[in-house]
Amino acid sequence: MTIREIYIRNEKDPYYDPTIIDYQNEVESVISQLRMILGTKNGQVFGDYDFGIDLEYMVFNTKWAANQVLEKLNEQINLYLRHSDQISVYCDISFGDSGLGYDYAILDIYINGVKSIGFLIDKNDK
């Protein structure tokens, strides 16, 4: 029996393909799982209150340093990311000031040494 993951890319994603039903590629599956982890805050999953990461809170709360954010993210990856030993995942985060009155963070995720996905986290409510 083969179990495959359902394709969940957003229609607004530039790589969205409406003809795909499930993931045939393990890297795509890893990206999907990472999006699920990053899009879920701690406490939102009934029965597993540790799943997820409140990335915005961690990035903009002054008590969290960059290395602590990465440590928490890597903890989530080690606990919840299901992939083969052939896949390696590395994260990097950098912080900046927009010059327009708000700060931001950029989270880059590398899969097998290739930058595969990036996230902009900002507090700009404009």
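A salt bridge is a side-chain nitrogen of Lys or Arg within 4 Å of a carboxyl oxygen of Asp or Glu. I begin with this term, and I looked up Lys 115 and Asp 108, whose side chains meet in such a bridge at 3.3 Å, N to O.

**Entry 1: what I am reading**

I note that this is a predicted model, in which local features need pLDDT of at least 70 and side-chain atom pairs count only at pLDDT 80 or more, while totals for chains, interfaces and linings use all residues. I also note that residues are numbered from 1 along each chain as its sequence is written, and that side-chain values use heavy atoms, with hydrogens and water left out.

**Entry 2: the outline**

I looked up the helices (DSSP runs of H or I, at least four residues) and the strands (DSSP runs of E, at least two), both numbered from the N terminus. I found three helices and three strands in the protein, and from the N terminus on they run α-α-α-β-β-β.

I then looked up the accessible surface, computed by the Shrake-Rupley method with a 1.4 Å probe, where for residues only the protein chains shown count as cover. The surface comes to about 8,600 Å², and 50% of it belongs to carbon and sulfur atoms. Of the 126 residues in the protein, 32% are buried.

For contacts (heavy atoms within 4.5 Å), I looked at pairs of residues at least 6 apart in sequence, and 36% of these contacts join residues at least 24 apart.

**Entry 3: the core**

A nonpolar core is a set of buried Ala, Val, Leu, Ile, Met, Phe, Trp, Tyr and Cys residues joined through side-chain atoms within 4.5 Å. Which residues touch the most other members of the largest nonpolar core? I found Leu 55, Leu 107 and Ile 109, in a core of 25 residues. The elements that give two or more residues to this core are helices H1 (26-38), H2 (55-60) and H3 (66-80), together with strands S1 (89-97), S2 (103-111) and S3 (114-122).

**Entry 4: helix H1**

The buried residues of H1 are Ser 29, Val 30, Ile 31, Ser 32, Gln 33, Leu 34, Ile 37 and Leu 38, and they pack against H2, H3, S1, S2 and S3.

Glu 28 also lies in H1, but Glu 28 is partly exposed, with a relative accessible area of 23%. I noted that Glu 28 and Ser 116 are 88 residues apart in sequence, yet 9.4 Å apart in space, C-alpha to C-alpha.

**Entry 5: the salt bridges**

Side chains of opposite charge can pair when their charged atoms come close.

Asp 108 is found in strand S2, and, leaving aside neighbours within four places in sequence, Asp 108 is in contact with Tyr 90, Cys 91, Asp 92, Lys 115, Ile 117 and Gly 118.

The other bridge joins Lys 72 and Glu 75, with the closest N and O atoms 3.4 Å apart. Both residues lie in helix H3, three residues apart, about one turn of the helix, and Glu 75 is partly exposed at 37% relative accessibility.

**Entry 6: two loop residues**

Most residues other than glycine have a negative phi. I looked up Asn 112, in the loop between S2 and S3, and found a positive phi near 55°.

Lys 41 sits in the loop between H1 and H2 and is partly exposed at 43% relative accessibility. Leaving out residues up to four places away in sequence, Lys 41 touches Phe 51, Ile 53 and Asp 54.

Technical notes:
Buried < 20%, exposed > 50% of the residue type's maximum accessible area, 1.4 Å probe, protein only.
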